[in-house]
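Hello,

Here is the structure for you to look through. My notes follow below it.

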Amino acid sequence: MSEFMIEEVPRPTSLEGDAGAVFEGIMAVHNASEVAAYGIPEVATLAAEALPEYVDPHEDGRYFVARVSGGIVDGGIVGGGIVGYGHLRFLLDSPETAWHDVRVLPGFRGRGIGRALSAAVESASRELGQTRLITYAVHPDAPGPQLTAPTGFGAIPAGNREVRFLLARGWTFEQVERASRFALPGDPARLAAARAGAGSHAGDYRIVSWAGLTPPEWREGSALLNTRMSTDAPSGDLGEPEDVWDVDRLVTSEQLIEASPQQFVVTAAVHRVTGAMAGITRLVVPDETERAVNQWATIVLSEHRGHRLGMLMKTANLEFLERVAPGHPSVLTWNAEENRPMLSVNEAVGFVRIGAEGAWKKALL
C-alpha cells in the first residue's frame, strides 16, 4: 500500500505556476472519477473551463489534496502526485451551509484516502461554525437492493461503495438527479415540430436569443431568474440556501466564463404585454468542438407557467446552438427526478438518461 498525506492548498486562482499545477491535478482526479462513474468521456471538464467557478468572488472555501509518497506506484502516479481531493465551498451570503466534494482516483480507492479527506473537510466546516453540509455523488447503476429517495422519485443502488461510504459517515440521502444526454445535432424535424407545438400555446410570449454576454436590457431579468433557480428548483429536504444574484454579479460571472475557453448560448421567453423576462435557458459551449455542451439553468417563473415555455425555449436554443456553434457531440443536463415537467420536455426533445446523482445532506452538531 502506498503512503499518502493530506495537505490543505490555497483556493485556485489561476492556471499559472505551482497553484495551477495543483488545480490541474485536482481536475484530473475529478475527470477520472466522473468518467469512471458515467462511462463516457464527454463528462470530463478542462481545468480552464472549471476555473471560473472557483474564482467566483461571491463564494469562498477550503481545499485539500491527497498525495502519494514514494516512487512510481500503481495507476501510473509518480510520488507526490495528487490522487484525491476534498473541497468545502460556501456562499459568502449564506456561510452556514456548505457544499462538500471528495474524490479519489479509481485506482487508489479502498485505502482510507477518501475517509481522511472527508474528515479534513468536515473539520474545516466545523471550524467555520457551519451547520449543514450538502454533497452530490454519482451512483452508477447496479443490480440488487435500491434506496428510494425520500421525494418518492428515483432510487440508487444500496450496495454501491459510495453509498455505503456516505451512510457510514452520517449522511442522509435526500434526492435523485437524472443525468441525460442529447445527441447533437438532433433531428431538425423533431425539434421544429416540438417548437411549433409549444409556440401555439405561447401567444403572449416571444423568444429572444443571444450568444455571449447578456445584453444590457436583459440583465436584470436574468439576475432575477438566476436567484429563483436557487429557490424554485426542486431540492427535496436538502435545505439549499437562497443564492441571490444582482446585475453586478451576473456581469462578473459572465465575464469570467467568456474569458475562459467557452461561451454562453442563451434563449429567453419575454412577456409581450409587460416586457418581463418569464423564463431562460442557458447552454455553456466549449470552444473545442469535440467537447460536450453543458446545459445550465432552465427555469420559467411560476407566474408564467402553463404556456409550454420550457419546451419553446429549449427547442429554440438547441436550434440556435446549431447556427452559432455547430459541431459538438452532445448536450449534457441534470434534473431532479421529481421535476417531471422538465424531464418530459427533455424526453420529448430526445434526451436519453445516462446515469444518476444522489443529493445528500449532513447536519453538523
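**What was found**

Of the 41 residues in the largest nonpolar core, those touching the most other members are F23, V65, V83, F108, I113 and W360. A nonpolar core is a set of buried Ala, Val, Leu, Ile, Met, Phe, Trp, Tyr and Cys residues joined through side-chain atoms within 4.5 Å. Buried means under 20% relative accessible area, with exposed over 50% and partly exposed in between (1.4 Å probe, protein chains only). Another core lies apart from this one; it has 27 residues, among them A269, V293, L318 and F320.

This is a predicted model: local features need pLDDT of at least 70, side-chain atom pairs count only at pLDDT 80 or more, and totals for chains, interfaces and linings use all residues. Residues are numbered from 1 along each chain as its sequence is written, and side-chain values use heavy atoms, without hydrogens and water.

Back to V65. Leaving aside neighbours within four places in sequence, V65 is in contact (heavy atoms within 4.5 Å) with residues including M5, I6, V22 and L117.

Now D56. D56 sits in the loop between α2 (47-54) and β2 (59-68). Helices (H or I, at least four residues) and strands (E, at least two) are DSSP runs, numbered from the N terminus. Is D56 buried or exposed? D56 counts as buried, because its relative accessibility is 12%. Beyond neighbours within four places in sequence, D56 contacts R11, R249 and L256.

Best wishes
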